[in-house]
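Visitor: I would like to learn how to read a protein model. Can you take me through one, feature by feature?

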Amino acid sequence: MKRNAEKYHQILEAAVKVFAEQGFNHSTVAQVAKQAGVADGTIYLYFKNKDDILIQFYEYKTRLVFERFRQAVKKGRTAEQKLLNLVRTHLAEFQKDINMAIVYQAEIHQHRRLAQDVIKEMSKMYREIISEVVEIGQQQGQIRRNLYVGLVMRFIIGAVDEVINAWIHARGSYDLVSMADPLVELFISGIGVAEHQ
């Protein structure tokens, strides 16, 4: 049977809304079907089970979001512009879809993750993008050369993660993207070349 792409995405979006509101463990396939406006059996034409819905959602979002990340980074001329574009795009993607943000943040902070392989791949891709930007910054003299790239990477990822968590806890009550500029300014001030050097 040929899958209907529109229905597939309709189920994915409905599932993420249910997972965000109920928590993944407390959600059921029946709730997802109801939210999507389809029969319970229809879900199984597209997904093996509830776990499969979550995994496929991450796979779909990873392709979409990381293409936007790469395009945003490409547009920057300097390392600072590249980093700002990346952080702005990251925050904008999460702000656009608070349900995705809630489900993603909950899953990455789980000890045992269902979407382990997909999340590992996403994290690897994100670290690679940041590493490239940091290395460019070191070559351009915007970021100190004596800094360990892995440490800078964890500093950036941890700060962005915390900013998103704070926004989720505030129920998306303010403009998340407005945090990008001060955040990158903090990164650059903290890891930039000191004036006396």
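Guide: Start with charge. Side chains of opposite charge can pair when their charged atoms come close. In this predicted model, the side chains of Lys61 and Asp97 meet in a salt bridge, with N and O 4.0 Å apart.

Visitor: Which parts of the chain does the pair of Lys61 and Asp97 link?

Guide: Distant parts. Lys61 sits in helix α4, residues 50–75. Asp97 sits in the loop between α5 and α6.

Visitor: Does Lys61 count as buried or exposed? And what about Asp97?

Guide: Look at relative accessible area; under 20% is called buried. Lys61 has 13%, so Lys61 counts as buried. Asp97 has 14%, so Asp97 counts as buried too.

Visitor: How many salt bridges does the structure hold?

Guide: The structure holds 7. Another one joins the side chains of Glu93 and Arg68, at 2.9 Å from N to O. Glu93 belongs to helix α5 and Arg68 to helix α4, so this pair ties together parts that are 25 residues apart in sequence.

Visitor: How accessible are Glu93 and Arg68?

Guide: Read each partner separately. Glu93 is at 8% relative accessibility, so Glu93 counts as buried. Arg68 has a relative accessible area of 35%, so Arg68 is partly exposed.

Visitor: Which residues are linked with Arg68 and Glu93 in a network of salt bridges?

Guide: Lys96. Arg68, Glu93 and Lys96 together form a network of salt bridges.

Visitor: Now helices. At what angle do α5 and α6 pack?

Guide: Helix α5 covers residues 79–96 and helix α6 covers residues 98–108. They pack at an angle of about 110°, and their axes are 5 Å apart. Angles of 65 to 115 degrees count as roughly perpendicular, so α5 is roughly perpendicular to α6.

Visitor: Which residues of α5 and α6 meet?

Guide: From α5 come Glu93, Phe94, Gln95 and Lys96. From α6 come Ile98, Met100, Ala101, Tyr104 and Gln105. Sort the residues of this contact by type: 5 are nonpolar, 2 polar and 2 charged. Glu93 also takes part in the salt bridge with Arg68.

Visitor: How can I check the length of a helix?

Guide: Count residues, work out the span, then compare the ends. Helix α8 has 21 residues and, at 1.5 Å a residue, should span 30 Å. Its end C-alpha atoms are 30 Å apart, which agrees.

Visitor: Which residue with a positive phi follows α8?

Guide: Arg171, with phi near 60°. Arg171 has this positive phi although it is not a glycine. Its place is the loop between α8, residues 149–169, and α9, residues 180–191. Arg171 has 73% relative accessibility, so Arg171 counts as exposed.

Visitor: Where does Ala33 lie, and which residues does Ala33 touch?

Guide: Ala33 lies in helix α2, residues 29–36. Its relative accessible area is 0%, so Ala33 is buried. Leave out residues up to four places away in sequence, and Ala33 touches Val38, Ala39, Asp40 and Ile43. Ala33 and Ala101 are 68 residues apart along the chain, and their C-alpha atoms are separated by 21 Å.

Visitor: Let us step back. How many helices and strands are there in the protein chain?

Guide: The chain has 9 helices and 0 strands. Read along the sequence, the pattern is α-α-α-α-α-α-α-α-α.

Visitor: What share of the 197 residues is buried?

Guide: Buried residues make up 47% of the chain. Finish with contacts. Take those between residues at least 6 apart in sequence; 69% of them join residues at least 24 apart.

Notes:
Residues numbered from 1 in each chain as written. Predicted model: local features only at pLDDT ≥ 70, side-chain atom pairs only at ≥ 80, totals over all residues. Heavy atoms only, no water. Axes fitted to C-alpha atoms, helices over the stretch in contact; angles between N-to-C directions. Helix = DSSP H or I, 4+ residues; strand = E, 2+ residues; numbered from the N terminus. Parallel < 35°, antiparallel > 145°, perpendicular 65-115°, else oblique. Contact = heavy atoms within 4.5 Å. Nonpolar A, V, L, I, M, F, W, Y, C, P; charged D, E, K, R; others polar. Buried < 20%, exposed > 50% of the residue type's maximum accessible area, 1.4 Å probe, protein only. Expected span 1.5 Å × (residues − 1).
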